Amino acid sequence: MELAYIPSPSRGVIHLGPIPLRGYAFCIIIGVFVAVWLGNKRWIARGGRAGTVADIAVWAVPFGLIGGRLYHVITDYQLYFSDGRDWVDAFKIWEGGLGIWGAIAFGALGAWIGCRRRGIPLPAYADAVAPGIAFAQAIGRWGNWFNQELYGRETDLPWALHITSTADGRMPGYYHPTFLYESLWCVGVALLVIWADRRFKLGHGRAFALYVAAYCAGRFWIEYMRVDDAHHFLGLRLNNWTALFVFLLAVVYIVVSAKKRPGREGAVEPGAQPSDDGTEAKSVEAGDGPGGEKAEIAENTDTDKAEQTGEAGTSEKAGTSEDRGAAGEAESAGKS
C-alpha cells in the first residue's frame, strides 16, 4: 500500500452549463499570460516600449499553437489516422497534444512576422521573452497532470504519480511524474537565463539560445523516462534525437554569435532609447529627452534674459526722459 503519492484529478474538465472548462487549456492560457507579462518587463528594461511584446505575441502565440499541434499530429499520426481512429480528433487541441519543438519553431515564425512589421530585431525580442517561455512551459506541463498523460516508468517513490484512467490503453498504477520533473526543470532554466543575462549581458539571441540548450539538456533525460508510445530510432525516442540535435545547434549559435557579434544590442526598437533601469523608454524627438530638455531650458533662459534686457532698457529710457524734463524746468526757472 502506497502511503504517499501524487493523486491524479478524477477529471480534467468541469462543465459550467454548456461551457466546458478544461484544466489543460487553463494551464496553457496562464502560461501565455506569464510569458507576455515577464517578457514585457524585460523588453522595457532593454529600452523597448510597453505593449510591444503583447502586440508581437498576437502573431507568435497562434503560430505556436498551430506548430505545436502539427508536430504532435505528424509524429504521433497513428493516434489519429490508424484503424479505428477518427481523424477529426487531430483538431481537438483541448484534449492535449502539443509538441514544444513545433510550437517554438512556428512561434518564432509568427514573432518574426510581428517584429518585421514593427522594424524590431527578432534576436533581441527572443532574448526578452526567453525566460517567460520557460515559465510558460513549467505551467503548461500541469495540463498533462489534468489529462493523466506523459508519465514515466513505474516507481514506488513517495512522489509517484497515481494514474487511475484506463483510456487509450493506460494501466492504472504508480509512475514517475515526468510532467512534474519537466515543470521544475523549466523553472530552473528560466532562473538560469535571467541570472546569466544579468551577469554576462547576453544579446543578439544568445539568451534565447541558452534557454533552448538548457531545456534540451533536461528534456533528453526526462524523455528517456517516459513510457507512452513513441517512434524509436537506434534505441532512442524521436524526441531524444530532436533534443540532442537542437541542443547542438543552440550551443554552436552561442559560440559563433559571441565571436561575430559580442555584447548586446543598443537600441532595440525604432524611436526608443535604451533604458537599463527598468523604466519605460521615451521617444527621441525634437524637444523630448535629454537633448530636448536642455534646448527648452536654454530657450527659456534666453527669453528671460531678453525680457530682463527689455525691462532694463525701458527703465533707462524712462530715467533719461525724466532727467531731461527736470533739466528743462530748471533752465526755464533760471531764465525767468
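My entries below go from the overall picture to single residues.

**Ground rules.** I'm working with a predicted model, where local features need pLDDT of at least 70, side-chain atom pairs count only at pLDDT 80 or more, and totals for chains, interfaces and linings use all residues. Residues are numbered from 1 along each chain as its sequence is written, and side-chain values use heavy atoms, with hydrogens and water left out.

**Whole chain.** I looked up the secondary structure and got 10 helices and seven strands. These are DSSP runs (H or I, at least four residues, for helices; E, at least two, for strands), numbered from the N terminus. Of the 336 residues, 39% count as buried; buried is under 20% relative accessible area, exposed is over 50%, and partly exposed is in between (1.4 Å probe, protein chains only). The chain exposes about 19300 Å², with carbon and sulfur atoms supplying 64% of that; the areas are Shrake-Rupley values with a 1.4 Å probe, and for residues only the protein chains shown count as cover. For contacts (heavy atoms within 4.5 Å), I noted that 71% of those with a separation of 6 or more are between residues 24 or more positions apart.

I found an open sheet of three strands in the order E1-E4-E5, with mixed pairing. E1 (6–7) and E5 (173–175) are the edge strands, each pairing on one side only. Two strands pair if DSSP finds at least two bridges between them; E4 (residues 161–163) and E5 have three, in the antiparallel sense. What stands opposite Tyr-174 of E5? That is His-162.

**Greasy patch.** Ile-14, Leu-16, Ile-19, Leu-21, Phe-26 and Ile-30 make a nonpolar surface patch of about 560 Å². Patch residues have over 30% relative accessible area and no salt bridge; nonpolar side chains (Val, Leu, Ile, Met, Phe, Trp, Tyr) are joined within 5 Å, like charges within 9 Å. Strand E2 (13–16), strand E3 (19–22) and helix H1 (23–45) each give two or more residues to the patch. I checked Ile-30, which lies in H1: it counts as partly exposed because its relative accessibility is 43%.

**Salt bridges.** The structure holds 13 of them, each a side-chain nitrogen of Lys or Arg within 4 Å of a carboxyl oxygen of Asp or Glu. Arg-46 and Glu-265 meet at 2.6 Å, N to O. Arg-46 is in the loop between H1 and H2, and Glu-265 in the loop between H9 (238–260) and H10 (289–335), 219 residues apart. Are these two buried or exposed? Both Arg-46 and Glu-265 are buried.

Next I followed Asp-228. Arg-237 is buried because its relative accessible area is 5%, while Asp-228, at 26%, counts as partly exposed. These residues belong to a salt-bridge network that also links Arg-141, Glu-182, Arg-219 and Glu-223.

**Thr-52.** Last stop: Thr-52 sits in helix H2 (residues 52–75), and it counts as buried because its relative accessibility is 0%. Its side chain reaches the backbone oxygen of Arg-49 at 3.3 Å and makes a 3.4 Å polar contact with the side chain of Arg-118. A polar contact is a pair of N or O atoms within 3.5 Å; within protein, one must be able to donate a hydrogen and the other to accept it, and residues adjacent in sequence count only if both atoms are side-chain atoms. Beyond its neighbours within four places in sequence, Thr-52 touches Trp-43, Arg-118, Ile-120 and Glu-269.
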